[in-house]
Amino acid sequence: MQAKKRYFILLSAGSCLALLFYFGGLQFRASRSHSRREEHSGRNGLHHPSPDRFWPRFPDALRPFVPWDQLENEDSSVHISPRQKRDANSSIYKGKKCRMESCFDFALCKKNGFKVYVYPQQKGEKIAESYQNILAAIEGSRFYTSDPSQACLFVLSLDTLDRDQLSPQYVHNLRSKVQSLHLWNNGRNHLIFNLYSGTWPDYTEDVGFDIGQAMLAKASISTENFRPNFDVSIPLFSKDHPRTGGERGFLKFNTIPPLRKYMLVFKGKRYLTGIGSDTRNALYHVHNGEDVVLLTTCKHGKDWQKHKDSRCDRDNTEYEKYDYREMLHNATFCLVPRGRRLGSFRFLEALQAACVPVMLSNGWELPFSEVINWNQAAVIGDERLLLQIPSTIRSIHQDKILALRQQTQFLWEAYFSSVEKIVLTTLEIIQDRIFKHISRNSLIWNKHPGGLFVLPQYSSYLGDFPYYYANLGLKPPSKFTAVIHAVTPLVSQSQPVLKLLVAAAKSQYCAQIIVLWNCDKPLPAKHRWPATAVPVIVIEGESKVMSSRFLPYDNIITDAVLSLDEDTVLSTTEVDFAFTVWQSFPERIVGYPARSHFWDNSKERWGYTSKWTNDYSMVLTGAAIYHKYYHYLYSHYLPASLKNMVDQLANCEDILMNFLVSAVTKLPPIKVTQKKQYKETMMGQTSRASRWADPDHFAQRQSCMNTFASWFGYMPLIHSQMRLDPVLFKDQVSILRKKYRDIERL
């Protein structure tokens with residue numbers, strides 16, 4: 001018995017060895033045969049063997065890096081699935097490996113900075129109104145150049161917004177039209193805007209032509225297809241979205257507690273089948289008809305009755321009972337479920353209404369996610385956990401709800417209220433990528449006044465801007481620079497400009513005085529200026545134009561600027577008081593001469609008035625204090641067309657500065673004390689006096705108001721009824737107890 005076992009074991013071992021040698025021999029012969037073929041191919045110049053051919057192949061071996069556009073052509077033995085092959089042939093996947101470092105030419109931006117070129121519109125090409133608004137926003141921006149040799153970024157004039165083949169806005173033969181552009185260069189340094197891609201029934205993200213190495217500014221883009229730090233996710237907006245300006249948010253008062261009639265609302269289409277139908281079909285499970293009102297309707301499309309289900313009639317009846325805008329304005333949270341595509345119009349509607357968006361669109365790369373922290377303004381839900389949404393939002397504390405609502409208003413007004421803001425935000429994000437050393441940080445993008453008004457070219461230090469003193473724990477500046485705008489020759493030592501210079505120099509807060517000489521006569525001799533305890537610098541204005549008073553001169557060493565006209569009459573006490581007020585409001589204009597605007601119904605235009613009324617909306621820069629950053633913003637943010645208008649009229653520069661500061665701060669200026677005798681009675685017999693007495697001068701200011709409002713897209717000026725006086729001002733106490741006692745004696 002033992003012998004039989006031994007024979008059986010020996011026989012089994014022998015069989016195993018035989019099989020091992022047999023299969024090993026086959027593999028060895030195959031390997032030698034493959035080696036001979038490689039050598040033969042090498043001798044014929046067909047193939048060069050890899051130096052690592054003698055190393056074993058592992059299934060997860062790292063492949064050497066090759067450029068993305070060579071992946072399709074390389075002869076790789078790695079297995080490619082049919083889906084991968086299909087994706088590789090789809091235009092949106094061809095540049096999926098693109099990043100700024102591999103598909104963008106930074107050299108084009110080094111010489112002329114960030115300039116954007118828009119291709120000339122071709123005859124016969126139809127362009128939708130929305131795309132026309134996008135192109136107009138670019139052409140009206142400070143980034144635009146009409147010279148392609150100066151451009152850093154290129155934008156097509158061919159309409160790429162709607163790439164749904166069933167849409168009447170669809171542009172045919174776009175592939176060949178794009179390839180024929182002589183500057184296309186496989187899309188390098190190009191930006192393509194797109195709102196709709198794909199079509200029924202799949203609604204893929206393919207835009208229908210090869211985008212090459214171009215960047216996408218795309219709505220409803222998925223995180224799977226989004227190329228981080230290369231593409232830009234933009235919001236889906238309607239054709240009625242305003243080109244400029246836009247309405248302000250609907251949060252007028254910070255109601256405490258911040259709860260409204262409805263806790264959660266939604267009203268929209270329900271898709272019975274196909275992509276995007278699952279989430280909306282399940283909303284009825286959460287709807288309670290009281291504080292959670294989620295309404296859907298099947299009544300859309302031509303054949304809706306053929307496909308309706310048992311719930312359609314009941315849903316349609318319930319749907320008609322509620323007014324959408326009434327729901328929107330009286331809800332704390334607004335559900336934003338995906339539609340056929342990931343994005344939805346409900347997103348922007350909720351933001352504007354101060355209704356906290358509750359996102360139910362798995363895989364959607366939220367708009368401007370590269371710079372916006374959406375956790376501060378929205379609730380990011382999960383489609384798979386729909387039933388948990390009501391309990392989740394009910395658990396959010398009231399303080400958090402108020403903060404979320406306030407942030408929706410800031411984001412709406414800063415980045416989404418107009419097509420222009422959406423476009424400029426897109427361009428600013430790309431500019432930050434190119435010039436990383438001066439790019440904006442998250443605080444700038446997510447805090448008032450936002451990234452569009454904080455230009456990093458001015459400074460990379462937040463303390464140099466007037467908006468972040470509290471965040472940094474800093475006190476506002478303790479000194480100011482007086483800038484006196486002189487336009488008349490110095491002929492007498494009794495002229496108001498010399499008295500004004502002495503009064504400003506005596507202020508305990510004055511660091512220096514700059515006299516901006518915008519007079520046609522030569523500079524006065526140095527001994528003509530009075531001796532003061534602070535330095536007096538006289539510089540000639542650039543081109544002797546009005547806008548030169550707001551240039552960001554390097555001579556201004558303080559953050560605070562006291563702007564003065566040569567004929568202003570101020571005492572040292574008034575200067576001191578105005579500056580102490582400004583230290584509490586460093587982002588605003590603080591000063592004396594106030595003016596107001598109004599809407600003239602008979603003429604259907606804005607009017608300008610200097611009458612004494614119970615409110616004001618402007619403080620003229622003839623006697624005002626503001627932060628010097630506004631000099632930089634005036635010079636670099638505003639378009640040349642407005643500044644040229646000011647220079648040609650030699651008028652309205654003070655109005656334009658008020659428009660700018662109010663647009664940035666969303667706040668009115670601050671008037672201090674009462675200065676009745678400003679321009680009218682303090683003027684000498686000078687050429688400037690005659691200009692103010694000229695009726696055309698007032699008419700010009702009326703015209704300026706409307707031109708400025710047209711460019712901003714809305715009226716940024718805000719009325720105020722507040723005037724700040726010194727404590728104990730005109731109180732019945734001893735004059736010796738008053739700090740600014742001289743103001744009452746004026």
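**Disulfides and confidence in a predicted model**

Cys109 and Cys152 form a disulfide with their sulfur atoms 1.8 Å apart, where a disulfide is a pair of cysteine sulfur atoms within 2.5 Å. The model is a predicted one, in which local features need pLDDT of at least 70, side-chain atom pairs count only at pLDDT 80 or more, and totals for chains, interfaces and linings use all residues. Residues are numbered from 1 along each chain as its sequence is written, and side-chain values use heavy atoms, with hydrogens and water left out.

**The link of Cys109 and Cys152**

- The S-S torsion of Cys109 and Cys152 is about 60°, so this disulfide is right-handed.
- Cys109 sits in helix α5 (residues 107–110) and Cys152 in the loop between α6 (129–139) and β2, so the pair ties together parts 43 residues apart in sequence. Helices (H or I, at least four residues) and strands (E, at least two) are DSSP runs, numbered from the N terminus.
- Both Cys109 and Cys152 are buried; buried means under 20% relative accessible area, exposed over 50% and partly exposed in between, with a 1.4 Å probe and protein chains only.

**The link of Cys298 and Cys312**

- The sulfur atoms of Cys298 and Cys312 are 2.2 Å apart, and the two residues form a disulfide.
- The torsion about this S-S bond, between Cys298 and Cys312, is about -95°, so the disulfide is left-handed.
- Cys298 belongs to the loop between β9 (292–297) and α9 (304–307), while Cys312 is in helix α10 (residues 312–320), so the pair ties together parts 14 residues apart in sequence.
- Cys298 and Cys312 are both buried.

**The link of Cys652 and Cys704**

- Cys652 and Cys704 form a disulfide as well, with 2.0 Å between their sulfur atoms.
- The link of Cys652 and Cys704 is right-handed, with 85° about the S-S bond.
- This pair joins distant parts of the chain, 52 residues apart: Cys652 is in the loop between α21 (640–649) and α22 (653–665), and Cys704 is in helix α24 (residues 695–712).
- Cys652 counts as buried because its relative accessibility is 0%, and Cys704 counts as buried at 1%.

**The whole set of disulfides**

- How many disulfides does the structure hold? There are five.
- Counting bonded cysteines along the chain, the pattern is 1-2, 3-4, 5-6, 7-8, 9-10.

**Around Thr481**

- Thr481 is placed in strand β13 (residues 480–486) and counts as buried, at 0% relative accessibility.
- The side chain of Thr481 makes a polar contact with the side chain of Gln512 at 3.2 Å. A polar contact is a pair of N or O atoms within 3.5 Å; within protein, one must be able to donate a hydrogen and the other to accept it, and residues adjacent in sequence count only if both atoms are side-chain atoms.
- Leaving out residues up to four places away in sequence, Thr481 touches several residues, including Ile514, Ile556 and Val561.

**Confidence along the chain**

- The protein chain has a mean pLDDT of 85, and 84% of its residues reach 70 or more; pLDDT is the predictor's confidence in each residue, from 0 to 100.
- Over residues 678–690 pLDDT stays under 50, and the model has 27 contacts for them beyond four places in sequence; contact means heavy atoms within 4.5 Å.
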